[in-house]
Amino acid sequence: MPVIQVDGQEYEVEAGKNLLEACLSLGLDLPYFCWHPAMGSIGACRQCAVVQYLNAEDERGRIVMGCMTPVTDGAIFSLSGDKARGFRQAIVESLMLNHPHDCPVCAEGGECHLQDMTVMVGHRDRHYRGRKNTHRNQYLGPLINHEMNRCITCYRCTRYYRDYAGGTDLAALASRDHVYFGRHSDGVLQSEFAGNLLEVCPTGVFTDKSLVHNYTRKWDLQSAPSVCVGCAMGCNTLPGERYGKIKRVHNRFNAEVNGYFLCDRGRFGAGFVHDERRLQYPGLRNNDGRYDAINHHEALQYMDRACAPGKVAGIGSPRASVEANFLLRTLVGEENFAPGFSDAEQPLVELVLRLQQDSRALVPDITTIESADAVLILGEDLTNTAPRIALALRQSVRNKAYEMAAELRLETWQDGAIRNLAQDQRSPLYIAAVADTPLDDVATNRISLAPDDIARLGNAIAANIAGQPNADLEQPLQEQVEMITTALAGAQRPLVLSGTGCGSTAVLAAAGQVADALCGNGVPAMLCLAVPEANSLGQALLTGCDAPGLAQLQQRAASGEFDTLVVLENDLYRRGSSAQIDQLLGAFQQVLVLDGLDNQTTSSATLALPAASFAESNGTLISLEGRAQHHYPVFQPHAERRPSWTWLLACMKEMQREEVRSLHHFDDITRACAATIPALAGITAAAPDHHFRNAGVRIPRQTHRYSGRTAMRADISVHEPRQPVDEESPLAFSMEGLNRDQPGALLPYVWAPGWNSNQSLHKFQAEVGGPLKGGTAGARLLQSGIGAGPGTFTAPAPFKAEPGRWQLVPRQRIFGSDELSALSPGLAELVQPGFIEICAADAQLLGVTEGDGLVVTKGITKGATEGVTTGVDNTLATLEARINDSMAVGCAGFSVGLAGVQNLRPLAPVSLRRAEGWQRRSPELIGSDRDAGPGGTHV
Amino acid sequence: MSLDRPLTRNVRPDRSPTDLAAYEANGGYRGLHGAIGKLTPSDCLQILKNSNLRGRGGAGFPTGMKWSFVPMDNPSGGHKYLICNADEMEPGTFKDRLLMECDPHQLIEGMILSAYTIQADVAYIFIRAEYIKATQLLREAIAACHDKGYLGKNILGTDYSLEMHVHVSAGRYICGEETALISALEGKRANPRAKPPFPQVSGLWGRPTIVNNVETLCNVHHIIERGADWFQSLGLTADAGTKMYGVSGRVKNPGCWELPIGTPVREILEDYAGGMEDGYQLRGFLPGGGSTDFLTTEHLDLAMDYDTIGKAGSRMGTGTMIILDDKTCPVGFVKNLVEFFARESCGFCTPCRDGLPWCAQVLDDIEQGRGLQEDMDTLARQVEFIGAMGNTHCALAPGAMEPLASGMKYFREDFQRHIDGAGCPWCDGGIH
Ligand SMILES: Cc1cc2nc3c(=O)[nH]c(=O)nc-3n(C[C@H](O)[C@H](O)[C@H](O)COP(=O)(O)O)c2cc1C
Ligand code: SF4
Ligand code: SF4
Ligand code: SF4
Ligand code: FES
């Protein structure tokens, strides 16, 4: 390790780093703007200047940029000398020439890196007397506010948006001191990861629109370590609350899960927490079909009466915590508990679990995904199902560039140089999907195939890798197989991805085969399989692979086995057609629903209990990589809302159930679950229990400067109420305590003296950019790479497009395909009504053009009928037609979760015809606050 | 036909272009015939190194040495590029234009031999948008060379092939900076690139690339044809060859001449530019374009070569002088230049992007009579802040500070008169 001298002091530093990184890792404060730990250096802002001396005799030294200077043994630097400090002051003064100094009305204020750096360099007096340049701001969509005048031209936004995240519609425009960061014209930012601009931009140019319109300073936000419930990725988040509302969600660094970045579903999708339609009180359905509010004692007594006879079935939820599901399963009994998947989805998720358990391949985390040097994706549109993985894949394709850079001895942080060197040369990434995906731009090739053919392709690749090529593939496909085989077999860290997104077990199984074949060749291959919801995998682990499904429960209820159904945090109407779910619920005499959301299922309940959201409760969620992670309540639930586990525990206590006699705290449930379910034995390691104290004290949810606890409720009373005591976690609803040196799972916010912005994170990392000092949050439950292999697999028959018949294939949308995101007003604006995608040839066959209507009916094949009843209406949906020439022929894509597709099931055979009398939509999709006009708001 | 004025031997008095036939009739492409297939690339490189040719684009970097960094083993078989920098937007500089408009084939022959030496297979001429005539002539000349087999596949029947393209710049001064030029050629923002890696190793599209100035490249075939010793013998001082010198400003005969390198300033000014216009006195001059430091009457007997002018505290730059006379306000003169550089900043790094407009603003205040005494301190601070090499990402900003820094040194009392008199002494009533 090189030894460098900084201000007369010698330090041993890590080789291969630049001086800025080395200084920050040493705990020295060196200001910077354009460098970013995940994006490296370009040397634009010149803020990180230090003086470097040639040798001990050199007294003048010369200014160099810390972020552009490799650490070399014996190098001599000065950070604090007058020359270096004077230069850094001059930089801030220059950056501020045109800055509006509008801190009081800026949403960045109080957590602004520019403010911090200004104070840090000691710049105070302004000498400039000239006019300031001003810019016109743009409408960038419902999520992100734009205030260009605050820009300091550090280029972080475009480097992130374009270079890192692959966006194309944000750019640096114009030149000199008129550089403008925006779009060519007003409009919604198109990247699924645009929200990270809010955290990447060191100033208030890009701010969170919903926060701006409902503003709270960072220091007045109460926050707690949380986990995103947007998908199964389990990104770590920091929701910030004030006045009972989640004001915004920031990234919580986890080196192995999400690093520095979230997707927009996660960042902007927590609005449902304060949706006004959320239930506040238990509601008992009266004879008019309306609900009477009852108090929680009455509710518990009702539950007790309903459950006591023992004829109870339970439907759990892949979006509820392990603990709540475990309690419900305990309440109703293992054999009467359905995990809460749709019947189509259950075998898929169970297969994902089995493949991962059985595989010899490693189940990768985000850093290993980024290290992959050849990638094959089968069937899954990751950008829309597990978005954060797609962002990681965009980095993995750069491994080719890093290889080239190593030959020229460039360090990985030399971002500009490496991008210029490699240009568009990338590591291989092959995608086989039903149609185009947002990753296509970095793919070596994307092939459109029907799901069965994707499985056949995968199978052939596996056979090829294993050295036993099967020859039954069509010629063009065989060529692809050869290319993909070469790429994967030639790689050192090949990665195969798939998921439940295209609805096919065959595709999943084929992915397992490819990964296993690679392992058979002695390569440490990786297998990553996406599942849909935050705790999908947890449900599979909890119930094993033979749990009852919805149809089974319905049959058993119909045969009189059950009279009561308890539904946990699950809108069943998303899991089957309306008719199917009506039938299911109708088979029970009473339906008890625990949920926060006002949805069709809660509206069908006999008794509805208001469940707290993830932001108001403790819970363990198991991510798609089998990582158990703990989320903590950010704030206390209002009214009669309680976490589901509290309701269930109280109910079982009311029933005097033996199993819960010794359970008092949330942690007790976690432990009981771990003890009962071997597959979940590891969940207790996810986070410290509620006894944990940090150097003897709790960890505060509020910052030192949290203000106005008295004023907040001055309209009620000027006496500040006692802060609630958190009996369930080591965190406090208070500003007292110690937010430092704690385990990684317990980081409620980042702040350090002099570092008020999110850049203070590096003070919590041992090495800047590296894992948290307190360790990486979460516990992996799946033992990676010890399986015996997935066994044999018979590929399906080739898919044949038949006249008059199409196969429905699911198309996933980051906004709208999941249950929760569309409940946030901002995201809701971006959710389109449902539509059907077909290729041009099919459109011609059907005589439809873009924007026409299409009637989807149950499929009929050559005389044979499949579930088709003659004489009744077999219409499943009538939707707009979109012509997407990347669709596989004979496949009709429907966007999961969007309006009008409820009755469409993945892979179902259907007939299509042109709708008569269809009213074409006008092209204008969203209006939002465009009328407010640019500059309509200051904050 | 003169051997001691190789670059301009085909320049006719009426400045009409020399076409291929005329060029060949005058011995053109003899260097090409003599070298391709007969000399190895390393032979050519050695001749170039021995010749002591230094880059004529402004920095004076030894050309042979620059080329020697290009990797010659090319196992991947990927492209290597030669780029001719014909952006010529340096204030006061018009030498490359003359060479291209009067003798386009000289440049092309030089480029073919240069490309051959580094074994480049693609060459670009990156030309200033306003040089419409030169662009057209070069395109015609390239086509003619293709027909003749001097360009394209298997030149002169050897296995050496070269394609050549003319790319017209979108028109920014920064596009002349070699790495910004490369960015621009790739269709990206014309931001300079950090070095290392140098373009010789990772340049255009990440491949080994050499960027040379028009005048530099025009010398190459003469050197290869006539040898390093001949070239060395042309210079009057330590530097070798001839140089295109130019003079603009209030002189009797502004223009551009090829003279032995090291010709004294006075000789250029008086014998070729005809001395100052009647009624005008010389106060100072920028020896090598707008981004070089002022020299004054005391420097008239210096030899115009890289080292001599460098030692005097300026740079030979492009070798094209701009004259400051006694009837022109030095503050206005400098302000004009700084405004140009501020306008042409690419906007990448802070000191240049925000510092230059501030300088321009202060100079404007002083010129308009709004100057304060403290403005002199501000300017001095800015000169140090922006001007020191390494403080900025590229050399535009330090270059921009050269006339300001030296202007404040030599004409300090003129700045002071503006501040004291609250206006410009050269303008009516002191105010523009
Ligand atoms: C701002 C700036 C503008 C430049 N413009 C030109 C130009 O127009 N033509 C040119 O030949 N060199 C220009 N240069 C110099 C080039 O960067 C480069 O050094 C030169 O083209 C190398 O050629 P040479 O070695 O033949 O001199 C410029 C440099 C800077 C910093
Ligand atoms: S908008 Fe923000 S990130 Fe982009 S250049 Fe300006 S200050 Fe930097
Ligand atoms: S990738 Fe998934 S877990 Fe991560 S932020 Fe997005 S929705 Fe949330
Ligand atoms: S010095 Fe000026 S021209 Fe050069 S990179 Fe910086 S901003 Fe651009
Ligand atoms: S952080 Fe080093 S130059 Fe910007």
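Why is α9(B) largely enclosed by the rest of the structure? Of the 13 residues of α9(B), 12 are buried, so the helix is largely enclosed by the rest of the structure, where a residue is buried if 20 or more other C-beta atoms lie within 10 Å of its own, exposed if 12 or fewer, and partly exposed in between, with C-beta atoms placed from the backbone. Helices (H or I, at least four residues) and strands (E, at least two) are DSSP runs, numbered from the N terminus.

This is a predicted model, in which local features need pLDDT of at least 70 and side-chain atom pairs count only at pLDDT 80 or more, while totals for chains, interfaces and linings use all residues. Residues are numbered from 1 along each chain as its sequence is written, and chains are lettered from A and ligands numbered from 1 in the order in which they are written.

**Helices of chain B**

The buried residues of α9(B) include V214(B), E215(B), H221(B), H222(B) and E225(B), and the helix is followed by G227(B), whose phi is positive, near 100°. Helix α3 of chain B (residues 41–51) has C44(B), L45(B), I47(B), L48(B) and S51(B) as its buried residues. They cover an arc of only 160° around the axis, which puts them on the same side of α3(B); the arc is that of the directions from the helix axis to the C-beta atoms. These buried residues of α3(B) pack against α2 (30–35), α4 (63–68), α6 (104–118), α9 (214–226) and α10 (228–234) of chain B, a contact being a pair of residues whose C-beta atoms, placed from the backbone, lie within 7 Å. After α3(B) comes N52(B), with a positive phi near 65°.

**Domains, chains and core**

Chain B is divided into domain 1 (6–234), domain 2 (243–325) and domain 3 (330–430), with bounds that come from an automatic or database domain assignment. The centres of domain 1 and domain 3 of chain B, taken over C-alpha atoms, are separated by 36 Å, and nine residues of domain 1 of chain B are in contact with nine residues of domain 3 of chain B. Chain A is likewise divided, into domain 1 (3–95), domain 2 (363–524) and domain 3 (806–914), and the C-alpha centres of domain 1 and domain 3 of chain A lie 58 Å apart.

Between the chains, 31 residues of chain A are in contact with 29 residues of chain B. The elements of chain A that give two or more residues to the side touching chain B are β4 (62–65), α2 (82–95) and α15 (415–422).

The largest nonpolar core has 424 residues, among which V514(A), L527(A) and V338(B) touch the most other members; such a core is a set of buried Ala, Val, Leu, Ile, Met, Phe, Trp, Tyr and Cys residues joined through C-beta atoms within 7 Å. Helix α18 of chain A (residues 505–520) contributes the largest share of this core, 11 residues. Not counting residues up to four places away in sequence, V338(B) touches L356(B), C359(B), A360(B), L363(B), A400(B) and L404(B).

**Ligand surroundings**

A residue is near a ligand if its C-beta atom, placed from the backbone, lies within 6 Å of it. The residues surrounding ligand 2 include C151(A), C154(A), C157(A) and C201(A). Of the 14 residues around ligand 3, C228(A), G230(A), C231(A), C235(A) and G266(A) come nearest, and α7 (264–268) and α13 (387–396) of chain A each supply at least two residues of that shell. Ligand 4 is surrounded by 14 residues, the closest being C346(B), C349(B), C352(B), H393(B) and C394(B), while α14 (350–367) and α16 (396–410) of chain B each supply at least two residues of its shell.

In the table, Ala, Val, Leu, Ile, Met, Phe, Trp, Tyr, Cys and Pro count as nonpolar, Asp, Glu, Lys and Arg as charged, and the others, Gly among them, as polar.

| Shell | Nonpolar | Polar | Charged |
|---|---|---|---|
| Ligand 2 | nine residues | two residues | one residue |
| Ligand 4 | nine residues | four residues | one residue |

**Backbone details**

The peptide bond from K195(B) to P196(B) is cis, with omega near -5°, and another cis peptide bond joins P196(B) and P197(B), with omega about 0°. Q423(A), although not a glycine, has a positive phi of about 50°, and counts as partly exposed with 15 C-beta neighbours inside 10 Å.

Terms used
Contact = placed C-beta atoms within 7 Å.
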